[in-house]
Amino acid sequence: MDDYPLLNLFWTMLELFLFILWFFLLFKIISDIFRSHDMGGWGKAGWLIFVILLPFLGVFVYLIVRGRSMGERDMAQAKQADAAFKAYVKEAAGTEGGGAGGHVDELAKLADLKNSGAISEEEFRKAKEKLLA
């Protein structure tokens, strides 16, 4: 290890990082090829063969030709996942109305009544216990 200079160590780390980055990019493009709905089976097969047989050229050409739509598909998938997560949280919290959601709404109304002074702390506590029972 004494005969391996520090600069060579940094260069080796950079090469390793770029090699791993290259594989991430390659797998991202291959998954985008299969995820694309605007391309037919022959188009997908052609791009896949091009990316596998000529990896550097195939990846760069794919990014140039379909890079914008690749980003749009990523954004659409992220929005869809976010909407699904929010729907799940609403369902789990019960804020869709009825069921546990009714309890949440009723507790909010009780808290508003207590804050406005319409009911006392004792009345709030009893109504809350009755509601949650």
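Is Asp-32 buried or exposed? Asp-32 counts as buried because its relative accessibility is 0%; buried means under 20% relative accessible area, exposed over 50%, and partly exposed in between, with a 1.4 Å probe and protein chains only. The model is predicted, so local features need pLDDT of at least 70 and side-chain atom pairs count only at pLDDT 80 or more, while totals for chains, interfaces and linings use all residues. Residues are numbered from 1 along each chain as its sequence is written, and side-chain values use heavy atoms, with hydrogens and water left out.

The side chain of Asp-32 meets that of Arg-35 in a salt bridge, at 3.1 Å from N to O. A salt bridge here is a side-chain nitrogen of Lys or Arg within 4 Å of a carboxyl oxygen of Asp or Glu. Side chains of opposite charge can pair when their charged atoms come close. Both residues belong to helix H1, three residues apart, about one turn of the helix. Helices are DSSP runs of H or I with at least four residues, strands are runs of E with at least two, and both are numbered from the N terminus. Arg-35 counts as partly exposed because its relative accessibility is 22%.

A second pair consists of Asp-38 and Arg-73, whose closest N and O atoms are 3.9 Å apart in a salt bridge. This pair links distant parts of the chain, 35 residues apart: Asp-38 is in the loop between H1 and helix H2 (41-53), and Arg-73 is in helix H3 (residues 55-93). Asp-38 counts as exposed because its relative accessibility is 56%, whereas Arg-73 is buried, with a relative accessible area of 15%.

Helix H5 (residues 121-132) holds Arg-125 and Glu-129, four residues apart, about one turn of the helix. Their side chains form a salt bridge at 2.8 Å, N to O. Arg-125 is partly exposed, at 36% relative accessible area, and Glu-129 is also partly exposed, at 47% relative accessibility. Elsewhere, salt bridges that share partners join Lys-28, Asp-32, Arg-35, Asp-38, Arg-66, Arg-73 and Asp-74 into one network. The structure holds 10 salt bridges.

Trp-11 lies in helix H1 (residues 6-35) and counts as exposed because its relative accessibility is 52%. Its side chain makes a polar contact of 2.7 Å with the side chain of Glu-15. A polar contact is a pair of N or O atoms within 3.5 Å; within protein, one must be able to donate a hydrogen and the other to accept it, and residues adjacent in sequence count only if both atoms are side-chain atoms. The C-alpha atoms of Trp-11 and Arg-68 are separated by 32 Å, with the two residues 57 residues apart along the chain.
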